[in-house]
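Subject: Structure handed over, with notes

Dear colleague,

Please find the structure below, followed by my notes on what was found in it.

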Amino acid sequence: MANSLVIVESPAKVKTIKKYLGSGYEVTASNGHVRDLPKSSLGIDVDNYYEPKYITIRGKGELLAKLRKEAKKADKIYLATDPDREGEAISWHLINALKLNESGKKTFRISFNEITKNAIKEAIKHPRNIDMNLVDAQQARRVLDRIVGYKISPLLWAKIKRRLSAGRVQSVALRMICERDAQVDAFIPKEYWTIEAELAGKNMKKPLNAKFYGTKTRTEINSKDECDKILAEIKGKKFKIEEVNEGERIKRPPLAFTTSTLQQEASKRLNFSTSKTMKLAQQLYEGVEIKGSGMTALITYLRTDSTRVSQEAQKSAKEFIEKKYGSDYAGDMQTTGKSDAKVQDAHEAIRPTDISIIPAQLKDLIGRDLFRLYQLIWQRFTASRMKSAVYKTKSIKIKAGDYYFTISGSHVLFDGFLNVYKEDEEKEEDDKIIAGLKSGDVLDLKELKGSQHFTQPPAHYTEASLVKALEEQGIGRPSTYAPTISTILARHYAVKENKNLYSTELGQAVNSMMLSHFPSIVDKEFTANLELLLDGVGEGQIRWKTVIENFYPDLDSAVEKAQKELESIKIADEESDVVCENCGRKMVIKYGPTGRFLACPGFPECRNTKPYYQKIGVKCPECGSEAVLKKTKKGRIYYGCENNPECSFMSWAKPSSKKCSQCGSYMVEKGNKIVCSSSKCGYNEDKAKETSN
């Protein structure tokens, strides 16, 4: 009969851990949290120094009864929830919910970074007490998030007439998406030109393309006139190699994955959303059913911002690499990332639990997406323990009159980690062409041409780039990124199209209200500093209620002020000039989950609804009808014609009533400018000129 009870978080771990511990242990799961703040109220006693009022989560009563029954039978109880502050808090809540301190049972906290036999046996040998600093760090975050959500969300609902939400990290992330969209919308393209020379030599099998550099310093070409002037000055001149430089370049291996870098790479390489990556990684960590081997945990704990690798794992990796690839490939065992005050080093980087389980062995044994993510983690970790790649580089400076052209190439001398993990496609073609060239050689000009270009706006955020930006600015922590982005998309504050994130009309309205009434909540620096304070709680340097005490009064007064201002806002439905074809009433503008729409005020007798298209006071450039603001099926804003589908006009930027004086195309508004819509023109002028004409 089992005399020890082990309680884990997830039922998926039970079978794997039970296999390693044997008959003396009963293993069961809490299914995540068992206690939380109530959904029906704030759940925080503000007058009693912000004491949380925890209750049993609905539906968990029967599970707790079962756990109490199992606990009574056991001599020892091991709380083996996840090795992070959330897991620590769950263990603490279990002690309170099961009244383990009152029962006199020997209760221990154990944690392990990977679900392997050795790791679990070692954890059992080294039990510890609950780390209250980690528990308090989780309590502080939970209470802060509850205060922000429960105080601000009702105001959003009252203002925008829909059950919406605000969040400590969510609202900052939304602001970043909205600001990037505004930067893209306001971007004014600038014209520039490049010149290329196609050159041939005596011993060259095919010509090479040299790029214009300038005079002794780099020369920018900003117009066709400037380009034509340079082309005229070069015409008839000899192209003579003046300088050849050869060298070596070292490309260091990437670091093993953290949570955020895994999310970024899985998005770029595998096209996985952050939530999908975390879901699959959770399965790989907890254990995957492998034909012939049963439940097997394949990776270490997935929530970490450390690149540290244990000595044991480094040794195993070195032995594996030497055996599979040769001793020349085994790298420095001490390779780690930069030290950073924001890094929580309690866990290792994400790595395979056993490097000898190569992806090819699993291809037909586990699901395709699980295989692809495991392969990515395995390749990245293996590469991180290998030597740098070494390149031979060659750069050539060619003189033509008073101007210089350049060409460069490289090829791999030693592939190192690239044998396993290529970050970019390596181009070696140019190097083969220029290999025999030397100083003093004269090359024949085959073609000299100038090309027009325009600068590009900053890229819209993707899930990967948003995660990177949040991490770089110290906003949130690895475990918060996936749920934050999922919430923004679920609330329809932003939509995802071709990987890019675009703010919706609804998201812009929510962000506008947050900026006007709660600027500190959406202030990136304030949120990052608050994150550091919360980390200080986890390190035992700050009392968690002190953080709440300093935060709550300012938020409470901001909410009170907003409530007074909101009272004067007219919440009545706005009447449109569209007549309901069913009953003759004038339809009203309402807010729905995806933004505004037209509805008959005669509801529920008349249930007629239709899309709402806001006129912008500009005629359609193609057919002369009204141009209106529209949304894609996913909710991204654009401008189109009210006569669609008869007229197919559409523009991402707001069209102007003015035509381009250079090419005749319609113009669009970009910040304080109006710009030609033609990508081949680039003409722009101040908005003030538009109003004066």
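In this predicted model, Phe212 and Phe405 are both buried (under 20% relative accessible area, with exposed meaning over 50% and partly exposed in between, for a 1.4 Å probe and protein chains only). Residues are numbered from 1 along each chain as its sequence is written, and side-chain values use heavy atoms, without hydrogens or water. Local features need pLDDT of at least 70 and side-chain atom pairs count only at pLDDT 80 or more, whereas totals for chains, interfaces and linings use all residues.

The structure holds 15 aromatic pairs (rings of Phe, Tyr and Trp, the last by its six-membered ring, with centres within 6.5 Å; planes under 30 degrees apart are stacked, over 60 edge-to-face and the rest tilted). Among them, Phe212 and Phe405 pair edge-to-face, at 5.6 Å centre to centre and 80° between the planes. This pair links strand E10 (residues 208–214), which holds Phe212, with strand E15 (residues 403–414), which holds Phe405, 193 residues apart (strands are DSSP E runs of at least two residues, helices H or I runs of at least four, numbered from the N terminus). Phe212 and Phe405 also belong to one aromatic cluster with Phe239 and Tyr403.

Tyr285 and Tyr301 form another edge-to-face pair, with 5.2 Å between centres and 70° between the planes. Tyr285 lies in helix H10 (residues 274–286) and Tyr301 in the loop between strand E13 (294–296) and helix H11 (311–324), so the pair ties together parts 16 residues apart in sequence. Tyr285 is buried at 0% relative accessibility, and Tyr301 is likewise buried, with a relative accessible area of 0%.

With regards
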